Amino acid sequence: MDDIDKKISNLIQKNGRLSSAEIAAAVGVSVSTANERVRRLTSSGIVKDWRAVLNPKNVGASLCALIMVDVNYEGEEETTETLSTFKEIQEIHHISGAHSYLIKIRVADTDALQNFLSEKVKPLKGVTGTESFIVLETVKETTEVLIS
């Protein structure tokens, strides 16, 4: 990635709806060059996906929770594959430390959180325990990656 690719990447991270003309003007290249660079960033895998970011509160998923999940090694692969299918889960991270995984979910309320844990997570054969943290306020949340 050269400096122009980095500038384009930063721009489209902030606003994926920018036109090629807007990108070109912001980085000082022609529209066709900007278009080709965006295409190349996408085909090379630097741009992973294009999507809208929804407001969770406006779609009935106002409760955010972070859940530490402890998993037996013997059932780990099957457990993570099953967890990956749950639509409530936004992120799954294999972590170091006292717990096996950290998952981030969004659901309607604490009842929905309880149901999710008791009906989907805890019954999984590999799960040995969970610890949940309810988010009271989100100060910063982004999908932007620092490009150096």
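Trainee: How many bridges join strand 1 to strand 3?
Mentor: This is a predicted model. Strand 1 and strand 3 run antiparallel. The number of bridges joining the two strands is seven.

Trainee: In what order do the four strands form the open sheet?
Mentor: The pairing in the sheet is antiparallel. Strand 2 (89-94) and strand 4 (127-134) are the edge strands, as each pairs on one side only. From one strand to the next, the twist averages 20°. The order is 2-3-1-4.

Trainee: Over how many bridges do strand 2 and strand 3 pair?
Mentor: Strand 3 covers residues 101-107. His 93 has Leu 102 as its bridge partner there. His 94 stands opposite Tyr 101. The pairing is antiparallel, and the bridge count is five.

Trainee: Which residue takes a positive phi in the hairpin of strand 2 and strand 3?
Mentor: Look between the two strands, where the hairpin has six residues. One of them has a phi near 110°. That residue is Gly 97.

Trainee: What angle does the direction of helix 4 make with that of strand 2?
Mentor: Helix 4 spans residues 76-83 and packs on the sheet. The helix touches strand 1 (63-71), strand 2, strand 3 and strand 4. Its direction makes an angle with that of strand 2 of about 155°.

Trainee: Is Thr 80 buried or exposed?
Mentor: Thr 80 lies in helix 4. Its side chain reaches the backbone oxygen of Glu 77 at 3.1 Å. Buried means under 20% relative accessible area. Thr 80 has 17% relative accessibility, so the residue counts as buried.

Trainee: Why do the buried residues of helix 4 lie on the same side?
Mentor: The buried residues are Glu 76, Thr 79, Thr 80 and Leu 83. An α-helix has 3.6 residues a turn, so residues three or four places apart point the same way. On the other side of helix 4, Glu 77 and Glu 78 are exposed.

Trainee: Which element gives the largest share of the largest nonpolar core?
Mentor: This core has 18 residues. Among those touching the most other members are Ile 67, Val 69, Ile 103 and Phe 116. Strand 1, strand 3 and helix 5 each give two or more residues. The largest share, five residues, comes from strand 1.

Trainee: Which residues does Ile 89 touch, not counting residues up to four places away in sequence?
Mentor: Ile 89 is one of the core residues that touch the most other members. In soluble globular proteins, nonpolar side chains tend to be buried together. With sequence neighbours up to four places away left out, the contacts of Ile 89 are Leu 83, Ile 103, Lys 104, Ile 105 and Phe 116.

Trainee: How many residues of strand 3 are buried?
Mentor: Strand 3 pairs with strand 2 and with strand 1. The strand is mostly covered. Of its seven residues, the buried number is six.

Terms used: Residues numbered from 1 in each chain as written. Predicted model: local features only at pLDDT ≥ 70, side-chain atom pairs only at ≥ 80, totals over all residues. Heavy atoms only, no water. Pairing = 2+ DSSP bridges. Axes fitted to C-alpha atoms, helices over the stretch in contact; angles between N-to-C directions. Contact = heavy atoms within 4.5 Å. Buried < 20%, exposed > 50% of the residue type's maximum accessible area, 1.4 Å probe, protein only. Polar contact = N/O pair within 3.5 Å; in protein donor to acceptor, adjacent residues only side chain to side chain. Core = buried A, V, L, I, M, F, W, Y, C linked by side-chain atoms within 4.5 Å.
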